[in-house]
Each structure stands twice: as structure tokens, then as C-alpha cells.
Amino acid sequence: MLYSRTNLALAALATLGALFLIGQVVGEPPPAREPDSRDSAASVPVATDAIPVSYELVEVSESTVAGKTTQWTTSNAPATAMAYLHTFLDPSPSDADWINRLARYTADEPGMSFAAARPRVPVAITGSTRSELVTGESGPRLVRITIPTQTGPVRITVKVLGTSSGQKWAVDTPLPTVDPSTVAALDPPAVAAPTTTSLAPMTTSASSSTSAASPSPSTPPIAPSAPSSTSKEERTERVPDPVPVPGPLPIPELDTPIPGAL
């Protein structure tokens with residue numbers, strides 16, 4: 001019986017059924033574990049835009065900082081000073097927006113009263129930065145930067161400032177400004193008041209003088225007088241009359257006889 005085909009097939013089916021039941025009981029996956037907040041915090045990197053500050057004084061121009069992010073600008077001392085002055089001389093934003101933009105580059109946020117120092121006419125930056133690394137009275141290193149402008153050089157002092165996102169260069173107080181007397185000299189000259197004399201009277205007077213000079217149509221033109229003989233003689237040398245010679249009149253010799261003579 002052990003070697004009969006029927007018993008062999010039944011035994012194989014029984015074995016497969018037993019294995020299936022064992023797999024259903026034993027092979028269930030373990031229940032999902034709730035994720036630990038500490039594990040997720042450790043696995044997810046914290047994004048930061050902070051750029052380490054540099055003590056290398058790389059001189060920049062106004063076009064260099066144009067379009068750069070605040071994080072890039074404040075990582076370099078000359079770039080911070082140039083971005084501050086570019087914002088300070090920008091006449092387009094409102095006073096409130098102007099103060100907020102300046103606060104990105106200053107150690108202390110300027111108050112609204114600082115808007116009184118804002119130039120109201122365009123002032124051009126005429127050159128690149130010139131920087132010097134110095135040591136402050138209390139020990140921290142400072143950078144003194146000079147930027148030439150249309151009204152004269154502007155001197156800016158920047159220092160390293162610690163923030164919640166890291167260190168950055170910031171403009172130290174008191175905040176630099178441009179010379180107000182030179183800015184006032186850039187105002188456009190006042191337009192002279194127009195004269196009270198209009199063009200119409202001038203045209204009328206010119207036409208009246210022209211009409212006075214020309215003869216009237218009703219008055220016949222005066223013919224120019226012919227020059228007199230006296231005036232001609234005065235202008236030319238007078239020829240003396242010939243002196244008469246006494247004696248008979250000379251008869252000229254003619255080739256033909258005188259008519260009427262015999």
C-alpha cells in the first residue's frame with residue numbers, strides 16, 4: 001500500500017496542505033511599528049542657507065553684488081558694504097521698504113527716523129571698494145571700507161555679527177550716510193520764469209517797421225534825380241577853352257571844288 005500511486009498522491013497533497021497552514025500561521029509579517037520622531041529627526045538633514053564668513057578682503061564693484069543673495073553678500077565684508085550703499089542710494093522703494101532692505105546689512109535695524117538721511121536725488125557709485133582689516137578697541141576684527149561716489153567717498157565699517165543662522169558681516173553703527181550738502185548741489189537748476197513779452201508783439205513791431213520802410217501803394221514812388229552837369233564837372237577835371245588866333249580863317253584844301261563856284 002505504501003507504494004501505491006493513490007497513497008503517494010494523497011501523502012503529497014497532505015504535505016502541501018500542512019505546509020500551507022504552517023505558512024499562514026508562522027509567516028505573518030510583524031505589525032508595523034510607529035516611527036520614532038527622534039529617528040526621523042536624525043535621518044532628515046536640516047537645510048541651512050548660512051555661508052561661513054570670509055576674512056579675505058576681495059574688492060567688489062556695484063555690478064558684482066547685483067542679483068546676489070543676502071547670504072552670499074554678507075559672507076564677504078566688501079560685498080556687505082557695497083550692498084548696503086547700493087540700497088542706501090536706491091530712490092525707488094518707499095521709506096518703509098527702504099528701511100527693511102537696509103536692515104539686511106546692518107548690525108542694528110535702523111528706525112524710521114533714519115529716512116530723513118535718505119538722499120532724494122540719484123547719486124552714482126563711481127568705483128570699487130577699498131578695504132582695510134583692523135582690530136577694534138574690544139578685540140574683534142573690523143573692516144573699514146571706502147567706496148567712491150558722485151558726492152565724495154563714503155566710509156563704512158563692518159563687523160562679524162552672530163545670528164541664529166550663523167555668522168555674517170554687518171554694517172556697524174553709526175550708519176554711514178552721504179554728505180547732504182553735496183547731494184543738495186546735485187539738484188537740477190531751477191527753470192527761469194518766462195518773460196512777459198510774448199512773440200505776437202515782437203512780430204507786430206517787426207512788421208510795422210517793415211511797412212514803414214516800404215513806400216505806401218497810394219504814394220507814387222519818387223524818381224531818382226538825374227545827376228546835374230555841375231555835379232559831373234565837379235567830379236571831372238574842367239578842360240580850358242582854346243585861345244583864339246588872329247588872322248584870316250584857314251581854308252582847307254579840298255579835292256573837289258566848292259559847290260556853286262565857277
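Colleague: The backbone nitrogen of Ala 79 lies 3.1 Å from a polar atom of the side chain of Asn 76. What makes that a polar contact?

Modeller: A polar contact is a pair of N or O atoms within 3.5 Å; within protein, one must be able to donate a hydrogen and the other to accept it, and residues adjacent in sequence count only if both atoms are side-chain atoms. At 3.1 Å, the pair from Asn 76 and Ala 79 is within that limit. Bear in mind that this is a predicted model, where local features need pLDDT of at least 70, side-chain atom pairs count only at pLDDT 80 or more, and totals for chains, interfaces and linings use all residues. Residues are numbered from 1 along each chain as its sequence is written, and side-chain values use heavy atoms, with hydrogens and water left out.

Colleague: Why is Asn 76 called buried?

Modeller: Buried means under 20% relative accessible area, exposed means over 50%, and partly exposed is in between (1.4 Å probe, protein chains only). Asn 76 has 10% relative accessibility, so it counts as buried. It sits in the loop between α4 (70-73) and α5; helices (H or I, at least four residues) and strands (E, at least two) are DSSP runs, numbered from the N terminus.

Colleague: And what does Asn 76 touch, leaving out residues up to four places away in sequence?

Modeller: Glu 56, Val 58 and Trp 169. Contact here means heavy atoms within 4.5 Å.

Colleague: Is Ser 131 buried or exposed, and how do you know?

Modeller: Its relative accessible area is 19%, so Ser 131 is buried. This serine belongs to strand β1 (residues 130-135), and its side chain has a polar contact of 3.0 Å with that of Glu 59. Beyond four places in sequence, Ser 131 touches residues including Leu 57, Pro 78 and Ile 145.

Colleague: Why does Ala 107 count as buried?

Modeller: Its relative accessibility is 18%, so it qualifies. Ala 107 is in the loop between α6 (95-102) and β1. With residues up to four places away left out, it touches Lys 159, Leu 161, Ala 170 and Val 171. Its C-alpha is 8.8 Å from that of Val 160, though they are 53 residues apart along the chain.

Colleague: How do you know which side of α6 its buried residues are on?

Modeller: The buried ones are Trp 98, Ile 99 and Leu 102. They cover an arc of only 100° around the axis, so they are on the same side of α6; the arc is that of the directions from the helix axis to the C-beta atoms. What covers them includes α5 (77-88).

Colleague: What about Ser 63: why is it called exposed?

Modeller: At 59% relative accessibility, Ser 63 is exposed because the cut-off for that word was passed. It belongs to helix α3 (residues 62-65).

Colleague: Leu 19 is in helix α1 (residues 5-26). Is it buried or exposed?

Modeller: Exposed, because its relative accessible area is 53%.

Colleague: Finally, how many helices and strands does the protein have, and how much of it is buried?

Modeller: There are 9 helices and 4 strands, and buried residues make up 23% of the 262 residues. Among contacts with a separation of 6 or more, 48% come from residues 24 or more positions apart.
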